[in-house]
Amino acid sequence: MNSDGRSNGLTAPNASAQRALLARAHGPDGRLVDYVEAHGTGTLLGDPVEAGALGAVLGRGRPPEQPLLLGSVKTNIGHLEAAAGIAGLIKTVLALHHDELPGQLHFGRPNPHLDLDALRLRVVTSPEPWPRYSGTATAGVSAFGFSGTNAHVVLTEHPARDSGSPAPAPSQPAVVLLDAPTDPRLRAQAGELARWLDSPASRGARLADVARTLAGRTGRGQRRAAVVGRDRAATATALHRLAAGDPDAHLVTAGRAPLAADAPGPVWVFSGYGAQWPGMGRELLDEEPVFAAAVERLEPVLREHAGISLRAAIAPDADLSALTVVMPALYGLQLALAELWRSYGVEPSAVIGHSLGEIAAAVAAGALDPSAGARIVASRSRLLATVRGGTMAVVDLAPEAIGPITRDLPTLHVAVYASPEQCVVTGAAREVAALVARVTADGAFARTMPVPVAGHSPDVEPLLEEFAWELGAVRPTGPGCRRYSTVLDDPRAGDPYDTAYWLANLRRPVRFEQAVRAAAEDGHRVFLEVAPHPTQAHPLARTLEAAGAPDALIVPTLRRGADDAVSFRTGLATLLVHGVRIPEARETLHRGGRITDVPSPRWHRRRFWAGERPEPAPAPEARPAATTPLDRLRTLVAHIMGFGPDRLDPDVPLTDLGLDSLTAVRIRTAVAREFGAAPELGVLLRQGTLRAVAALLGDAPVAAPLAAPEEPSFGTPGVLRSFPGDGPHPPLFLAHAAGGSSDVYGRLAARLDGQRPVLGFDRLEGPDDVPGRAREFARRIRLLRPAGPWVLGGWSYGGVVAQQTARLLSGHGEVAALVLIDSVLPLPAPPAATPADEARRRFADFARYVRTTYGADLMLPYEELGSLHHTEQIDRVLRLLEKAVDLPAAVLAHQRASYLDLRGGELHTPGPYPGRTLLYRATRQAPHTVRDARYERTDATLGWDAHCPDLTVTDLPGHHLELLDPPAVDALAGELTRALGPSESAAETLEP
């Protein structure tokens, strides 16, 4: 770079300055330059000066057949002022990448003041290959500033690899990263990439090169996903499933916006004894060079201090029965995994160590060197191996609940404060077994751990003097990141990692819950477990939920028995997808990958023009009528769950797609009607797939083919959920049923006359009582339509909320009608003698249902339940259910929400409502999951005649759970359309 200095004017270039710059940039080999991307002002003065300088410096001495080739990007995009230079640079880099020089547009003849042949210059007028006069493609890029600054950059191609020894393809699993501004765009991008991977156009691109290229394109979109796979076929399949909205084992998604840019980095959690398994981390030796190098460095350290080989300890046939082997091996493996994370740019913002794990945490934080840590773990494990007669047990009770039930078991102590509802108890083996039996008999969960010593108990006190003598003076340094101690009463205390600390670590209880809670209170929301298996995932989740951080991200490093490299890279992808900042990821994820041609996401063009209706989005592909049992079942389930049939993967559990207990009953009813047989609910709710259910129905009689379902409408969320429909009739406002969303009304809205707006009120976590929800429903209605008229309604519990809302709105305008869709008011329950009897009345049938459906005994502590609030009751029951049966989170969440809503409905007494009320009553008994005699009324009015005197009852074919599905919903829509009819008062439309 140089400057014109004094010249003939502000806009006049200086030829001598340009010649000096070119000579300095290219030196004596200027005649071997292939191409110059010229500044190219296109003026009578500027072009001759620039061309003359190029000819004098780079054209001199060239043979006529090797002219300096010229071009300028200005012919493509015009003058860009300050951006002109970078545009030329980009053009030239792309020309090198594609090994082709693009032609100069609009070039007819040169400036009359130029003799290009004499200067040994030639303008490139059509695409041509690089001449490579020197054997290496070489170019210069010029840019001249308005103020007289001249800049010139020299570019050469990267040296080609020796063709005789091609670089081996990277063996690590590829991490294919995608991001987009919205979920639909993300899915569309995944589909485009999947189709390209399936096409011949992609055959020349290695998967590692594709992943390397895409890694450089991410970081701007708010919706992200990743695919972690070893081969193209699995990667393409996962991308197809992402495009369809389906899950896949290779797919990592977030379902939420990335973490804030200023969010704290991850907390590294080092778990303790119990995470070991034969072969842990072994596969990383071959696929992650940094891990292998760390193991190699630690090998002599562990041999010197602990007498073990780390390589042998992680072999698939390793004997991990001795504490003196397992503990040093876990320590070494955790340090190697920590180095592996760091090699990809992941650094801890804080560390937490669980018992033994505190030693590795101290080394990872920089407070101890690996040799000091190895000395501590070797002495600790050797001394613990001398203790006999004790053991430990994990108990799903709060730590403070242990004392009252162990007064007659004097050796028992709390060894680990794992979470608010779980602890580990230590003591004599006989007394630990007695406690496990006692807790299990009371309906709670307890299990003896395979630990041969009563750690963190008085049993280890005789070891402390010898432990201190063996350690001598431990001289730590200040940690390089925050530490949350599991030894000290205050997790944030700064006590050094000295000898006294490690004695306390051996004897004192592990205060894991307190350390995690402190980290959450300090704003940490990412917890990375650095261990061969995520033993602390459950305690972490429960503690973070109790600490007000239920959305915290918990990421494992490895998993027992899984592909180590895939597990690690899945954890890395999880961090990236959730927005954890890893600046080096673009370079470190695929070190052997190269940039390659991967199609960019396509623009999705739709016309929006004043006075025109926007073009509709592309319609989904039509699906032929279902004929096989699997196709029939897929179409049937699509009707109910609201998916297009093509989006239902027959091998994906329905619970992964959002199946809950209510939807399972609806599906079972429809299957029984269609096939004459139906699976048990437990088959659907315990990870049942379409293929497995279809196999059970294989001998069902062949029925007429099912027509493809209509495109479901879930409505559009907003102040209220809006469904398709418009017109002059009073809008219909529908409140959600128990535990669900108002999207269940989509089929009803589609079958009405289309002459009225239809809007839904979705479930809120708070307020959770009927009056509170009705007030909020009324407030939102009046935001959209301040003065009526309105039609209000709801199915089941939604009818109770709608009736109270109608009472509130009737003072502000006309409520044209109240619509109750099989809303049943419960009969009074007989008074219970004790709170425990009341709890038994509420939950005993549920326990019988669990036994019938899942074959599991749900032992409920009715005395305890009787003392709890109804919210605490259902939480306690569901925690026990979660231990007894492996159920997806969606099923448990729906059970909780449904119970709380129904309980709120029971506690509400409807007030009088004199307005017109339409009750649509199911005529058959529903196959409820849990029977409750209070809801099995025989009166035609279902209890509403006492509150709504202007009541009209209409019977509908079907039972309660069928009313919003075909064919019952067709009858309901017809009756409702006739009953509401046109209204003269409906001339208003909804406010914008």
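**View 1. Y501 is a buried residue in this predicted model.** Y501 has a relative accessibility of 3%, so it counts as buried. The cut-off for buried is under 20%. W502 reaches 1% and therefore also counts as buried. The structure holds nine aromatic pairs. Y501 and W502 form one of them. Their ring centres are 5.4 Å apart, with 80° between the planes. That geometry is edge-to-face.

**View 2. Three aromatic residues join into a cluster.** The members are W341, Y344 and F568. Ring pairs provide the links between them.

**View 3. Strand β23 is largely enclosed by the rest of the structure.** This strand covers residues 815-821. Six of its seven residues are buried, which means that the strand is largely enclosed. Strand β22, residues 790-795, pairs with β23 in the parallel sense. Six bridges connect β22 and β23. Within this pairing, A817 of β23 stands opposite V791. Strand β24, residues 917-924, also pairs with β23 in the parallel sense, here over four bridges. L820 has L919 in β24 as its bridge partner.

**View 4. A helix takes part in a right-handed β-α-β unit.** The helix is α29, residues 797-809. The two strands of the unit are β22 and β23.

**View 5. I86, I90 and L94 make a nonpolar surface patch.** I90 lies in helix α4, which spans residues 84-98. The relative accessibility of I90 is 47%, so this residue counts as partly exposed.

Note on methods: Residues numbered from 1 in each chain as written. Predicted model: local features only at pLDDT ≥ 70, side-chain atom pairs only at ≥ 80, totals over all residues. Heavy atoms only, no water. Patch = residues over 30% accessible without salt bridge, like charges linked within 9 Å, V, L, I, M, F, W, Y side chains within 5 Å. Areas by Shrake-Rupley, 256 points an atom, 1.4 Å probe, with all protein chains shown as cover. Salt bridge = Lys/Arg side-chain N within 4 Å of Asp/Glu carboxyl O. Buried < 20%, exposed > 50% of the residue type's maximum accessible area, 1.4 Å probe, protein only. Pairing = 2+ DSSP bridges. Right-handed = clockwise from strand over helix to strand, strands pointing away. Phe/Tyr/Trp six-rings, centres within 6.5 Å; stacked < 30°, edge-to-face > 60°.
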